[in-house]
Amino acid sequence: MNGNQHSLHPDHDRFGFRSFSHGLYIGGVWRPAAGEGWIQVIDPSTEAVVVAVPDATVSDAAAAVEAAASAAKGWRETPPRKRSEILRRCFELMVERAETLATLISLENGKALRDAQGEVAYAAEFFRWNAEEAVRISGEFGIAPSGANRIIVDYQPIGICVLITPWNFPAAMATRKIAPALAAGCTVILKPASETPLTAYALAALYEEAGVPPGVVNVLTTSTPGPVTAAMLADPRVRKLSFTGSTGIGRTLLAEAAKNVISCSMELGGNAPFIVFDDADLDAAIEGVMVAKMRNAGEACTAANRIYLQSGIYDAFTEKFTQRMAALRVGPGVDSDTECGPMITRKAVEKIERLVADAISRGARVLCGGRAPAGRGFFYPPTVLADVSPTSDMGREEIFGPVAPLYRFESEAEVVAAANDTEYGLAAYIYTGDIGRGMRIASKVEAGMIALNRGLVSDPAAPFGGVKQSGLGREGGQHHGIAEFMEAKYIATGF
Ligand code: NAP
């Protein structure tokens with residue numbers, strides 16, 4: 001199928017579809033894929049085809065590695081101040097184009113426009129933050145304990161990086177990797193998710209405009225991510241794999257990267273507990289859970305997946321929360337008054353239906369929602385389930401949708417044990433009026449990130465990442481994110 005045969009979205013000029021729907025972005029050039037294939041991008045609100053993008057093959061992957069290698073020397077030798085200014089310009093252009101980018105995200109991902117606007121602001125911050133970091137990379141100097149020599153540690157760019165991102169944050173998951181990689185002096189190849197490639201291509205055009213030299217950022221889309229990624233990782237010039245996505249694919253990629261002993265950063269799945277104690281500020285906890293559960297319609301790795309309520313607050317919380325969930329406006333992401341957009345695919349809706357059916361079969365009560373509407377679009381309504389059994393499948397698997405299971409608990413020890421009873425360890429939320437208890441529970445819950453009396457953890461200035469099977473490494477933060485793209489070189493120096 002030829003991409004030219006697809007009818008373009010009516011807004012194609014505004015989004016720049018004409019340029020990026022006809023090529024992969026390799027070496028600063030928009031070029032066709034080596035094969036004949038195209039990937040259709042579907043609007044989850046209407047199920048209509050928005051546009052098609054090229055389907056890269058293994059030979060396109062080789063071309064992307066070649067382009068990244070050709071640009072590597074020039075970029076690592078570009079003075080940090082110059083790199084910083086280019087990254088700063090990326091930030092400014094993203095802020096200037098925020099409305100267009102947000103609309104594009106809503107179109108291909110389905111998320112409510114207000115969520116997309118939030119994502120663009122978050123995504124742009126990674127450029128501002130790393131523009132500031134690019135000029136603050138410093139080494140170490142010390143004397144060896146024996147006194148025999150000095151220890152000098154220099155931090156160098158790790159080399160060519162392969163970056164793989166999911167569909168749920170098409171802009172932010174890419175900029176959270178690209179900005180620190182470029183700040184460190186690396187060149188990159190980005191493989192965005194097949195469902196949401198348009199934001200990645202739109203941003204590639206923006207980087208070019210900001211002054212990112214050809215070959216420093218390359219973007220390719222493919223329907224065969226396994227072989228295409230394996231081909232890139234087999235090239236000895238590739239030294240880094242930074243992946244965000246499911247734990248299952250993360251495991252596969254770790255095995256693939258092991259063949260050439262490639263450095264890996266893994267941002268994987270989550271199963272976040274949201275714990276509310278009797279002494280919590282009820283209204284604040286309700287505001288918090290609405291963000292923690294419903295940002296991105298629940299399609300977030302940090303989404304509250306298990307809501308634990310202490311007995312004394314269970315009924316009051318449940319009543320208020322159910323009212324708020326039932327009142328949310330469900331609709332197409334691009335409509336400005338939508339609060340809960342569609343899921344990404346029909347398959348995602350079917351997974352939610354399976355999890356809800358399983359919970360009901362084990363005694364859960366549906367307080368609102370609970371049934372996907374008929375008609376076009378991958379919609380699922382905001383749903384609250386009470387009296388959910390801890391043995392339900394949704395207690396172990398990511399729901400990735402607007403479904404809130406409520407569990408009752410009595411004691412601190414009981415809720416800590418329940419919260420930790422998962423292979424995941426990404427985010428956790430705790431609401432209590434007693435900050436001492438909050439800190440105590442925070443230290444016992446196995447998670448890379450804790451939100452204490454807050455419904456949101458993500459911040460470019462803080463280290464984002466998980467423990468256990470939620471991942472390896474950190475993104476963002478004062479030095480963590482950029483350190484993932486550098487190698488320490490130790491020089492034993494006598495003088
Ligand atoms: P996914 O199925 O693991 O896909 C993620 C990316 O990996 C996509 O680009 C996908 O490409 C690619 N991929 C799939 N199979 C591959 C293979 N064999 N080799 C190389 N690449 C491959 O995850 P998803 O459904 O897009 O995203 C949801 C998951 O991401 C959830 O588990 C969520 O918790 C997690 N997530 C984690 C974080 C975090 O920071 N920890 C943030 C956001 C999301 P295709 O699209 O072509 O399949």
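Student: Is F277 buried or exposed?

Tutor: Please note that the model is predicted. F277 has a relative accessible area of 0%, so this residue is buried.

Student: How is a pair of aromatic rings described?

Tutor: One gives the distance of the centres and the angle of the planes. In this structure, a search of the whole model finds ten aromatic pairs. For F277 and F409, the ring centres are 5.4 Å apart and the planes stand at 90 degrees, so the pair is edge-to-face. An angle over 60 degrees counts as edge-to-face.

Student: Which parts of the chain does the pair of F277 and F409 tie together?

Tutor: F277 belongs to the loop between β12 (272-276) and α11 (282-294), while F409 belongs to strand β16 (residues 403-409), so the pair links parts that are 132 residues apart in sequence. F409 is also buried, with a relative accessible area of 2%.

Student: Which residue lies over the face of Y314?

Tutor: That residue is R408, at 4.0 Å from the ring centre. Likewise, the charged end of K240 is placed over the ring of F485, 5.8 Å from its centre.

Student: At what angle do helices α6 and α7 pack?

Tutor: Helix α6 (residues 113-134) and helix α7 (residues 172-184) pack at about 10 degrees, and their axes are 9 Å apart. Angles under 35 degrees count as roughly parallel, so α6 is roughly parallel to α7. The residues in contact include Y122 and F126 of α6, and M173 and I178 of α7. By class, this contact has eleven nonpolar, two polar and two charged residues.

How values were computed
Residues are numbered from 1 along each chain as its sequence is written. This is a predicted model: local features need pLDDT of at least 70, side-chain atom pairs count only at pLDDT 80 or more; totals for chains, interfaces and linings use all residues. Side-chain values use heavy atoms; hydrogens and water are left out. Rings of Phe, Tyr and Trp (its six-membered ring) pair if their centres lie within 6.5 Å; planes under 30 degrees apart count as stacked, over 60 as edge-to-face and the rest as tilted. Helices (H or I, at least four residues) and strands (E, at least two) are DSSP runs, numbered from the N terminus. Buried means under 20% relative accessible area, exposed over 50%, partly exposed in between (1.4 Å probe, protein chains only). A charge sits over a ring if NZ of Lys or CZ of Arg is within 6 Å of the ring centre and within 35 degrees of the ring normal. Axes are lines fitted to C-alpha atoms, for helices over the stretch in contact, and angles run from 0 to 180 degrees between N-to-C directions. Angles under 35 degrees count as roughly parallel, over 145 as roughly antiparallel, 65 to 115 as roughly perpendicular and the rest as oblique. Contact means heavy atoms within 4.5 Å. Ala, Val, Leu, Ile, Met, Phe, Trp, Tyr, Cys and Pro count as nonpolar, Asp, Glu, Lys and Arg as charged, and the others, Gly among them, as polar.
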